[in-house]
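Colleague: Put the model up, please. I have a few quick things to go through.

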Amino acid sequence: MRLSTNIVKDYLIVAFEGELDHHTTEEARMKIDSLYYDNNLSNMILDLRKLNFMDSSGIGLIMGRYRNCKERQGDISIVNTNPSVERILRMSGLLKIINMYSNIEEAIDGKRGE
Amino acid sequence: MVEKNHMRLEILSKSTNESFARVVVAAFASQLDPTIEELSDIKTAVSEAVTNAIIHGYEYNEGIVIIESTIEGNRIEIVVEDKGKGIDDIKKAMEPFYTSKPDLERSGMGFTVMETFMDELIVESQLGNGTRVKMAKVFHSLVDKE
């Protein structure tokens, strides 16, 4: 799995590419958390559009990042257009607490509009 | 109708083998001409069962995970077995969001995913002797064509 990260203002934008499972979540978690805390950020956008596989380990990863963002009174959102990823996100109930958008711009605007 | 077919795969309980196991089962299942969604369901269910064996069955120690699959007609059966520590309370383990390892940020959704994505799920376990997860799914793509 490839992870690319970008910091825009107080947003950490994380783009996942490939397969997110138990094996790949460990490394992703460390990388995301160190960037988030070292740069003192509050908000996070997880871009899952280029994932071609995700299982419940990915759900655990997102739940953990959700908790971290809430602790800092920050916001977290998901960008996704992949139907199989959406299925497991919906099944887990995560989409009841985290907004999903189809692109990064919408994700940033969505929060500004609140 | 596809004739009866069977495969057996033995892997070391390493997390790198999770993707290997699900890809092998998906490749085996592809002879039933599944839809993309059906194939994705199979891959996810296998991934959950193998991950459970590695994290919970063997608790990251080295062990063997056996994956067997049988195809008959338009139905695929998949068995994932470990010789690890076993599950103390299967009913509790299968509850959505329950995890015995919350410190590892596990979602507790593994069995719920298997149940949702497959048509049948049977979990057998014996403390100290291991766990056997048997699941099955009927592919409708073949039925619809015939």
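Colleague: A:Asn40, buried or exposed?
Modeller: A:Asn40 counts as exposed, because it has 8 C-beta neighbours inside 10 Å. The cut-offs: buried means 20 or more other C-beta atoms within 10 Å of the residue's own, exposed means 12 or fewer, and partly exposed is in between, with C-beta atoms placed from the backbone. This is a predicted model, so local features need pLDDT of at least 70 and side-chain atom pairs pLDDT 80 or more, while totals for chains, interfaces and linings use all residues. Residues are numbered from 1 along each chain as its sequence is written, and chains are lettered from A and ligands numbered from 1 in the order written.

Colleague: Where is A:Asn40 found?
Modeller: In the loop between H1 and E3 of chain A. Helices (H or I, at least four residues) and strands (E, at least two) are DSSP runs, numbered from the N terminus. A:Asn40 is not a glycine, yet its phi is positive, about 55 degrees. Its C-alpha is separated by 9.9 Å from that of A:Leu12, 28 residues apart along the chain.

Colleague: Which loop does B:Glu105 lie in?
Modeller: The one between helix H3 (90-93) and H4 of chain B. B:Glu105 is another non-glycine with a positive phi, about 60 degrees. B:Glu105 is partly exposed, with 19 other C-beta atoms within 10 Å.

Colleague: And B:Asp88, buried or exposed?
Modeller: Exposed, with 10 other C-beta atoms within 10 Å. B:Asp88 lies in the loop between strand E3 (75-82) and H3 of chain B. B:Asp88 and B:Gln126 are 38 residues apart in sequence, but 7.7 Å apart C-alpha to C-alpha.

Colleague: Switching to helices. Which residues of helix H3 (residues 83-92) of chain A are buried?
Modeller: A:Val85, A:Ile88, A:Leu89 and A:Ser92. They sit on the same side of H3(A), because they cover an arc of only 105 degrees around the axis. The arc is taken over the directions from the helix axis to the C-beta atoms.

Colleague: Why would that spacing work?
Modeller: An α-helix has 3.6 residues a turn, so residues three or four places apart point the same way.

Colleague: What's on the face of H3(A) turned away from its buried side?
Modeller: Exposed A:Pro83 and A:Arg90. Just after H3(A) comes A:Gly93, with a positive phi of about 85 degrees.

Colleague: What covers the buried residues of H3(A)?
Modeller: The cover includes strand E3 (43-54), helix H2 (56-71) and strand E4 (76-79) of chain A, together with H2 and H4 of chain B.

Colleague: How do H2(B) and H4(B) cross?
Modeller: At roughly 150 degrees, with axes that come within 9 Å. Axes are lines fitted to C-alpha atoms, for helices over the stretch in contact, and angles run from 0 to 180 degrees between N-to-C directions. H2(B) and H4(B) are therefore roughly antiparallel. Under 35 degrees is roughly parallel, over 145 roughly antiparallel, 65 to 115 roughly perpendicular, and the rest oblique. H2(B) passes H4(B) in a left-handed crossing. Left-handed means the near helix is turned anticlockwise from the far one by less than a right angle, right-handed clockwise. Their contact has five nonpolar, four polar and two charged residues.

Colleague: What about H1(B) and H2(B), left-handed or right-handed?
Modeller: Right-handed. The contact of H1(B) with H2(B) has eight nonpolar, two polar and three charged residues.

Colleague: Last one. At what angle do helix H1 (residues 22-38) of chain A and H2(A) pack?
Modeller: About 15 degrees, axes 9 Å apart. That makes H1(A) roughly parallel to H2(A). Their contact has four nonpolar, seven polar and two charged residues.

Methods:
Contact = placed C-beta atoms within 7 Å. Nonpolar A, V, L, I, M, F, W, Y, C, P; charged D, E, K, R; others polar.
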